[in-house]
Amino acid sequence: MHDSTAWGYSNCGLIASDGQALLVDTQFTLDATRTLLSAVAETVPGTEITTVVNSHGNGDHTWGNQLLPDAEIVTSASSAAHLCHEMGPEELARLCAQGDASPVAAYAAKHFGAFDFSGVEVTGPTRTFDGRLEIKVGTTLVELIDLGPGHSAGDVAVHVPEDGIVFTGDALFNGAHMVTWSSSFSGCVAACDMLLATGAETFVPGHGCITYRPGVREIRDRLECIGQAAAAHAAAGIPLEAAARLVCSEYAGDWAHPERLFTAVAAAYQEAGVPGAEDMFSRVAGMAQLANA
C-alpha cells in the first residue's frame, strides 16, 4: 500500500450496474492501471467499463487512459482545453533524471523518480461537457458536475445520487495540502460548497482517505482561511515568496506537503492581479524552495 496523500498515488472509483461500469480516473503509470483493471475484473467479473471520467487532466489521473481504448472518455471542456499545458511523461522523466541539477529537478526526482512512465501515450477525452451531464450506467444514474477552475482549470465531480457518494477528484485533498494549478484559489473553496450542495454524505477525494460532510466542511473552512490570509498579504504588497512563507508558517499544520501552499498563495495573488503570479514554472520552483526551507 502507498500513502494516498503522496504525489502520484491517486484514488480511483468504480460504479458498476447491470454489466456496465464507469471508472473514475486511471492511474499514473501503465503498470498501476493494469493492477487497477485486474482488481476491477476480479471484483465485478464480466462487467465492461464503458465510460471513463477524468476528473481533470493531471497524469496521475489520466495516463492509464490508453488501456481502455473502447471506453468513452469524458471530462469537462475546460479540463480538456487545459490538457496541453500539462508536463508530459517523457518531459517529467527527463526532469527527474537531472537529479540535483536544480532544486526543481531534485524535487521532481524525490517525488516522481520511482515511477516508470515507459509506454505512456497521453490519451485525451473523446467527449466533453459544460455545466452538468447525466450518464446512465446500467440502471444507475450518475451526474457529472463541472466544478470550474480550482485545483485545475476545470475539475469534475462524479455524483451517484442513489448512493449518496461523490468522487471529487483533486477538488478535494484529505490530509494533505492541495496543489492549485488554476488562476483561482477562491474556486477551490467554491468547489467544496458545490460538493456539499449535492447533499451526499460520503466523499472520495482525489488523494487521502474517504471523508464525510463534516470533513468536507473542515477542509473548506481551512482553505478559506488560507485564501483570506494570502489575499491580505497581496493587498499589503508583500512579495509572493515572502507571503508563501508566512502562510506556510501559519497553516502548514499536520497536513502533508505544506510546500504546496506556495501554489495556493500564487493563485490568490493571481486573482488579486499581482503580475507574475500566473507563471506555472514559478509555482513548481516555489514549492521546491519551500520544501527545502
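Me: Contact here means heavy atoms within 4.5 Å. In this predicted model, which strands are included in what covers the buried residues of helix 1?

Reply: The buried residues in helix 1 are L30, T33, L36, L37 and V40. The cover over these residues includes strand 1 (13-17), strand 2 (20-24) and strand 3 (48-53).

Me: Within what arc do the buried residues of helix 1 fall, seen down its axis?

Reply: An α-helix has 3.6 residues a turn, so residues three or four places apart point the same way. In helix 1, L30, T33, L36, L37 and V40 are buried. They line one face of the helix, because seen down the axis they fall within an arc of 120°.

Me: Which residues are exposed on the other side of helix 1?

Reply: Exposed means over 50% relative accessible area. On the other side of helix 1, the exposed residues are T35, E42 and T43.

Me: Which residue caps the N-terminal end of helix 1?

Reply: A side-chain oxygen of the capping residue lies 3.1 Å from the backbone nitrogen of A32. The cap is T29.

Me: How many disulfides does a search of the whole structure find?

Reply: A disulfide needs two cysteine sulfur atoms within 2.5 Å. For C188, the nearest cysteine sulfur, that of C192, is 7.8 Å away. For C209, the nearest is that of C12, 15 Å away. The search of the whole structure finds 0.

Me: Is C209 buried or exposed?

Reply: The cut-off for exposed is over 50% relative accessible area. C209 has a relative accessibility of 57%, so C209 counts as exposed.

Technical notes:
Residues are numbered from 1 along each chain as its sequence is written. This is a predicted model: local features need pLDDT of at least 70, side-chain atom pairs count only at pLDDT 80 or more; totals for chains, interfaces and linings use all residues. Side-chain values use heavy atoms; hydrogens and water are left out. Buried means under 20% relative accessible area, exposed over 50%, partly exposed in between (1.4 Å probe, protein chains only). Helices (H or I, at least four residues) and strands (E, at least two) are DSSP runs, numbered from the N terminus. The arc is that of the directions from the helix axis to the C-beta atoms. A polar contact is a pair of N or O atoms within 3.5 Å; within protein, one must be able to donate a hydrogen and the other to accept it, and residues adjacent in sequence count only if both atoms are side-chain atoms.
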